[in-house]
Amino acid sequence: MAVTITGFEVKDIRFPTSLTGAGTDAMNVDCDYSAAYVALHTSSSLSGYGMTFTIGRGTEVVCQAIELVVQRVLGKEVEELFADMGKTWTMLIGDSQLRWIGPEKGVIHIATAAVDNALWDMYARSRHKPLWKLVADFTPEEFVRSTAFRYITDVLTPEEALQMLKSKEAGKKDREKLVRDIGYPAYITSAGWLMYDDEQVARLTKEAIGRGFNHFKMKVGADFSNDLRRAKLIRSIIDDPANLAPGKQIDPASIAGKNAGPTGSVLMMDANQVWDVQEAIDYVTKLAETKPWFIEEPTAPDDILGHAAIRRTLKPLGIGVATGEHAHNRMVFKQLLQAEAIDVCQIDSCRLAGVTEILGVLLMAAKFGIIVCPHAGGVGLCEHALHLSLIDYLCVSGTMERNVLEYADHLHQHFINPVTLNSNGRYNVPNDPEAGYSTHMKDASFEEFGFPNGAYWRSVAEGNPKEVEL
Ligand SMILES: [Mg+2]
C-alpha cells in the first residue's frame with residue numbers, strides 16, 4: 001500500500017547560549033540559539049525531521065507558521081512527492097492565502113524551509129542514503145527536476161542547468177573519493193564572537209590553529225578601536241610561524257586572492273548588517289591594515305546595489321564582500337550575482353526555503369563563477385550545510401579548492417548524527433545511510449531545552465535556573 005504522510009509534531013527548542021556570549025555579534029547581542037523543528041510521520045515507519053534556525057523570542061511564531069504550511073503535505077503519498085521535488089516545493093509555497101504573508105520571505109518562508117527540509121530528510125532516509133549522496137546520485141535530469149527555477153530563468157534556464165550538470169558528470173566519482181579521503185574545507189567562527197574578551201579570543205585562536213584551521217572569522221562593527229585591537233591580536237597569532245601545527249601544508253591555490261598572511265592564514269570579518277553603505281566603506285577601509293579576505297553582511301541584507309558599491313570601493317584594498325545568511329530568496333541571490341555585489345555566496349539552509357530553492361542558487365553561483373561558502377553559525381546549520389557544500393562540490397561547481405564552510409563549536413551534541421572534523425580542520429563526510437539531512441535531534445534535548453516546558457526553561461520560570469552545559 002502506498003505510504004502517506006499521516007501526522008506531524010512541531011517543537012520549539014531554545015538553548016540559553018546568551019549565558020556564554022556564544023553567537024554574539026554587533027547586531028545580535030543576546031542570542032539563544034533555537035530551532036523551530038518539525039517531525040513528519042507516515043503510514044509506515046518512515047519519518048522525516050526538519051528545522052529552521054531562530055535565535056530565541058519569536059520561535060513560537062515560526063512554529064505556528066509551520067503548522068499551517070505542513071497541512072499542504074498531510075495525506076499525500078510520499079513517492080508522489082519525491083518523484084518531482086520541484087513540483088512539491090511549488091505546491092508547498094503555493095497556498096493562495098498564506099502567500100500573502102510572504103510571499104517567499106519572512107516567517108512563512110523560513111517555516112516552509114523547515115517543511116521542505118523535513119521532506120528531503122525523509123526522501124534520503126527512504127533511500128538509505130545521507131542527503132548529499134541522494135542528490136549526488138541523481139541524474140542531471142532528476143537534479144533539474146528538483147530545483148526551483150521560477151523567477152530565475154532570465155539568468156539560468158533548466159536547459160542550461162542541465163548542460164552545466166552534465167558537464168560535471170565526468171569526475172564526480174573521483175571527487176567523491178577525494179572528499180571522503182581528505183574532508184571538506186572549513187573555517188572557524190567560534191574564536192571571535194563579539195562578547196569574548198582578548199584572553200578568550202587568543203586562547204581559542206591558538207586552539208583553532210592546533211585543530212588544523214587556517215581560516216578564522218571575527219565579529220566587528222560595535223566599536224572600532226576594539227575591532228582593530230582584536231584583529232591585530234588574531235593576526236599576530238595566526239601570522240606567527242611558531243604557532244603553526246608541525247608539518248602543516250597549505251595549498252597556495254586554496255588561499256589565492258584571500259589577503260592571506262605570511263603563514264597562509266586568512267582572516268574574515270562579519271559586521272552582521274550594522275552599517276550604512278558609506279559607513280561600511282569608511283570603517284572597513286580603516287581596518288584594511290589587518291588584511292581581511294572579506295567583510296560579511298556590511299549593510300542591510302536587501303540592499304543589493306549598496307553591497308555592489310561597497311565591493312567596488314573595497315576591491316582595490318584586496319577586501320571582498322560576502323553575504324547571504326539573510327538573503328531571503330533565490331531572487332535576491334540572482335540580483336547580488338547580476339550586480340557583481342559579492343565575492344562569496346553565503347546560502348543559509350533555513351533562510352531559503354529548503355534544499356529545492358538552494359539547488360537553484362548553487363547553479364546560479366556556479367554560472368557566475370562565485371564560490372559558495374554556506375552560513376553555518378547556529379544550531380543545526382553545520383549539520384545541514386555540509387550536505388549542501390558536498391552537493392555543490394560533487395554536482396555543481398566541481399571544486400572545493402577555495403571554498404570554506406563555516407564551523408562553530410556549539411550544540412552539536414544535541415543531534416543524533418552531528419558533524420565531525422578531522423585533524424586538518426576539515427569536515428568528515430557524513431556516511432551513515434540512515435542519517436538523512438543530519439538534523440534529527442535527540443529526545444533528551446527536547447526534554448531539557450524544549451520551550452517553555454523543558455526542564456531548563458521550567459527552572460528559569462521558577463526563578464532558580466539549572467546549571468547547564470552548552
Ligand atoms: Mg554572519
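Glutamate 297 sits in the loop between strand 7 (292-296) and helix 12 (304-314). Its phi is positive, about 45°, although the residue is not a glycine. Glutamate 297 counts as buried because it has 28 C-beta neighbours inside 10 Å, and the threshold for burial is 20 or more. All of this is read from a predicted model.

Glutamate 340 is another non-glycine residue with a positive phi, here about 50°. Its place is the loop between helix 13 and strand 9 (344-345). Glutamate 340 has 15 other C-beta atoms within 10 Å, so it is partly exposed.

## Overall fold

The chain holds 17 helices and twelve strands. Its C-alpha trace spans about 65 × 60 × 45 Å along the principal axes. For 470 residues, a compact globule would have a radius of gyration near 23 Å. The chain has 21 Å, which agrees.

Of the 470 residues, 52% are buried. Take the contacts between residues at least 6 apart in sequence: 74% of them join residues at least 24 apart.

## Annotated domain

UniProt, in an unreviewed entry, places the feature "domain: Mandelate racemase/muconate lactonizing enzyme C-terminal" at residues 198-317. Over residues 198-317 the chain is 41% helix and 12% strand. The end C-alpha atoms of this stretch are 27 Å apart.

## Helix 13 against helix 14

Helix 13 covers residues 330-338, and helix 14 covers residues 355-368. Their axes come within 10 Å and cross at roughly 5°. That makes helix 13 roughly parallel to helix 14. On the helix 13 side, the contact is made by Arg330, Phe333, Lys334 and Leu337. Helix 14 contributes Glu357, Gly360, Val361, Met364, Ala365 and Phe368. By class, the contact has six nonpolar, one polar and three charged residues.

Helix 15 runs over residues 381-396. Here 16 of the 16 residues are buried, so the helix is largely enclosed by the rest of the structure. Glycine 398 follows helix 15, with a positive phi near 75°.

Tyrosine 437 lies in the loop between strand 12 (426-427) and helix 16 (443-449). With 32 other C-beta atoms within 10 Å, tyrosine 437 is buried. Leaving aside residues up to four places away in sequence, tyrosine 437 touches Asn117, Trp120, Asp121, Ala124, Leu131, His384 and His387. Tyrosine 437 and leucine 388 are 49 residues apart in sequence. In space, their C-alpha atoms are 9.7 Å apart.

## Cis peptide bonds

Glycine 102 and proline 103 are joined by a cis peptide bond, with omega about -20°. Proline 103 is in the loop between helix 3 (85-92) and helix 4 (106-126).

The bond from phenylalanine 451 to proline 452 is also cis, and its omega is near 5°. Proline 452 belongs to the loop between helix 16 and helix 17 (455-461).

How values were computed:
Residues are numbered from 1 along each chain as its sequence is written. This is a predicted model: local features need pLDDT of at least 70, side-chain atom pairs count only at pLDDT 80 or more; totals for chains, interfaces and linings use all residues. Helices (H or I, at least four residues) and strands (E, at least two) are DSSP runs, numbered from the N terminus. The radius of gyration is taken over C-alpha atoms; the globule rule is 2.2 Å times the number of residues to the power 0.38. A residue is buried if 20 or more other C-beta atoms lie within 10 Å of its own, exposed if 12 or fewer, and partly exposed in between; C-beta atoms are placed from the backbone. Two residues are in contact if their C-beta atoms, placed from the backbone, lie within 7 Å. Axes are lines fitted to C-alpha atoms, for helices over the stretch in contact, and angles run from 0 to 180 degrees between N-to-C directions. Angles under 35 degrees count as roughly parallel, over 145 as roughly antiparallel, 65 to 115 as roughly perpendicular and the rest as oblique. Ala, Val, Leu, Ile, Met, Phe, Trp, Tyr, Cys and Pro count as nonpolar, Asp, Glu, Lys and Arg as charged, and the others, Gly among them, as polar. UniProt positions are given in the numbering used here, feature names are shortened, and annotations may be inferred rather than shown by experiment.
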